[in-house]
Amino acid sequence: MPDIKQPLRFLGFDFGEKRIGVATGQKTLGTTQALCVLKAENNQPDWQQVEALIKEWQVEAFVVGLPLNMDGTEQPVTQMAKKFAKRLHGRFGLPSFTHDERLSTAEVREYLFELGGYKKIKDSDFDAYAAELILKSYFESSTD
């Protein structure tokens, strides 16, 4: 049976209707890094910017945060995030995963506080740090 190569380099996304946070990470090392926030129009980023990030970071897969209610039920933006994950896969032909992002906002605030206080971080960067935590959480929960 051939050995199926598992993706190692990822882009993580914190999907939003107006802003999409982006982070990168290396699964084997478990390292992550907040990158940037892309403006979204009609729930879509500038796809050329996404393609540039894919090439720059030599990504092999995507993880998109899945916004759910605290009881695990879906909300309207959940379907938009799923659609975004499917678009990533369709446009770039790379595996695209979704990952529960409940509590990510509170965790981002705590994480930024540990880095020296979230007041030092521009609001515009907040979504990139959320994407980083989504990716970090995906790596920690992923067993493949």
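How many helices and strands does the protein chain have? It has 4 helices and 5 strands.

## Model and confidence

This is a predicted model, in which local features need pLDDT of at least 70, side-chain atom pairs count only at pLDDT 80 or more, and totals for chains, interfaces and linings use all residues. Residues are numbered from 1 along each chain as its sequence is written, and side-chain values use heavy atoms, with hydrogens and water left out.

The predictor's confidence in each residue is its pLDDT, on a scale from 0 to 100. The chain has a mean pLDDT of 86. Of its residues, 81% reach 70 or more. Among the elements, helix 1 has the highest mean value, 97. Helix 3 (residues 104-114) has the lowest, 65.

## Overall architecture

Helices (H or I, at least four residues) and strands (E, at least two) are DSSP runs, numbered from the N terminus. From that end, the elements run β-β-β-α-β-α-β-α-α.

Buried residues make up 43% of the 144 residues. Buried means under 20% relative accessible area, exposed over 50%, and partly exposed in between (1.4 Å probe, protein chains only). The accessible surface of the chain comes to about 8,600 Å². Carbon and sulfur atoms hold 50% of that surface. Areas come from the Shrake-Rupley method with a 1.4 Å probe; for residues, only the protein chains shown count as cover.

Contact means heavy atoms within 4.5 Å. Among contacts between residues at least 6 apart in sequence, 62% join residues at least 24 apart.

## Helix 1

Helix 1 spans residues 47-57. Its buried residues include Trp 47, Val 50, Leu 53 and Ile 54.

Asp 46 caps the N-terminal end of helix 1. One of its side-chain oxygens lies 2.9 Å from the backbone nitrogen of Gln 48. After the helix comes Gln 58, with a positive phi near 50°.

## Aromatic pairs

Rings of Phe, Tyr and Trp (its six-membered ring) pair if their centres lie within 6.5 Å; planes under 30 degrees apart count as stacked, over 60 as edge-to-face and the rest as tilted. By this rule there are 11 aromatic pairs. In one of them, Phe 13 and Phe 62 have ring centres 6.0 Å apart and planes at 55°, so the pair is tilted. Phe 13 lies in strand 1 and Phe 62 in strand 4, so the pair ties together parts that are 49 residues apart in sequence. Phe 13 is buried at 0% relative accessible area. Phe 62 is also buried, at 0%.

Tyr 138 and Phe 139 form a tilted pair, 6.3 Å centre to centre with 55° between the planes. Tyr 138 is buried at 7% relative accessible area, and Phe 139 is buried at 10%. One aromatic cluster is formed by Phe 13, Phe 15, Trp 47, Phe 62, Phe 84 and Phe 92.

## Thr 98

Thr 98 sits in strand 5 (residues 96-100). It is partly exposed, with a relative accessible area of 37%. Leaving aside neighbours within four places in sequence, Thr 98 is in contact with Val 64, Leu 66 and Ala 85. Its C-alpha atom is 9.9 Å from that of Leu 135, which is 37 residues away along the chain.

Technical notes: A polar contact is a pair of N or O atoms within 3.5 Å; within protein, one must be able to donate a hydrogen and the other to accept it, and residues adjacent in sequence count only if both atoms are side-chain atoms.
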